[in-house]
Each structure stands twice: as structure tokens, then as C-alpha cells.
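Dear colleague,

I am passing on the structure below, and my notes on what was found in it follow directly after.

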Amino acid sequence: MTILWVVIGLGIVCVGFLIRKYMNTHKYDYVQLNLHCKNCGDVTNGLKCSQCENEKPSKNY
Ligand SMILES: [Zn+2]
């Protein structure tokens with residue numbers, strides 16, 4: 001029974017590690033996409049790009 005518990009423990013650790021690794025990678029990509037502007041690539045820190053936001057109204061006028 002001891003070996004069975006060890007196998008179960010290793011399985012839980014492996015699955016948890018894979019899920020944690022996937023979550024961290026997914027989270028990192030999500031943050032990286034939001035940190036940079038998609039149009040000009042400038043750093044926006046998750047906010048809307050000031051340069052692109054300023055360019056849109058000027059084109060409409
Ligand atoms: Zn921009």
C-alpha cells in the first residue's frame with residue numbers, strides 16, 4: 001500500500017506541475033500581449049496606447 005500512495009502522490013505532483021506550468025505560460029502570454037500595443041508595439045502597461053488613441057480622433061477630423 002505504501003508504493004501505491006507514492007505512485008498516487010507522484011501522479012498528483014506531476015499533474016499539478018503541468019497545470020501550474022501551463023497556467024503560468026498562459027498568464028505570461030496574456031500579460032505580455034496587454035503590456036505592448038498591437039499596432040505600434042509601444043509599452044502601454046495594460047492601458048490603451050496613447051499614441052494610437054491620439055491618432056484615431058485626428059483621422060476622423
Ligand atoms: Zn500604439
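Helices, in what follows, are DSSP runs of H or I with at least four residues, and strands are DSSP runs of E with at least two, both numbered from the N terminus. Please bear in mind that this is a predicted model, in which local features need pLDDT of at least 70 and side-chain atom pairs count only at pLDDT 80 or more, while totals for chains, interfaces and linings use all residues. Residues are numbered from 1 along each chain as its sequence is written.

The loop between α1 and α2 holds N45, which is exposed because it has 7 C-beta neighbours inside 10 Å; its C-alpha atom is separated by 4.5 Å from that of L35, 10 residues apart along the chain.

N39 lies in the loop between α1 (2-35) and α2 (50-60), and N39 is exposed because 10 other C-beta atoms lie within 10 Å.

Best regards

Note on methods. Buried ≥ 20, exposed ≤ 12 C-beta atoms within 10 Å, placed from the backbone.
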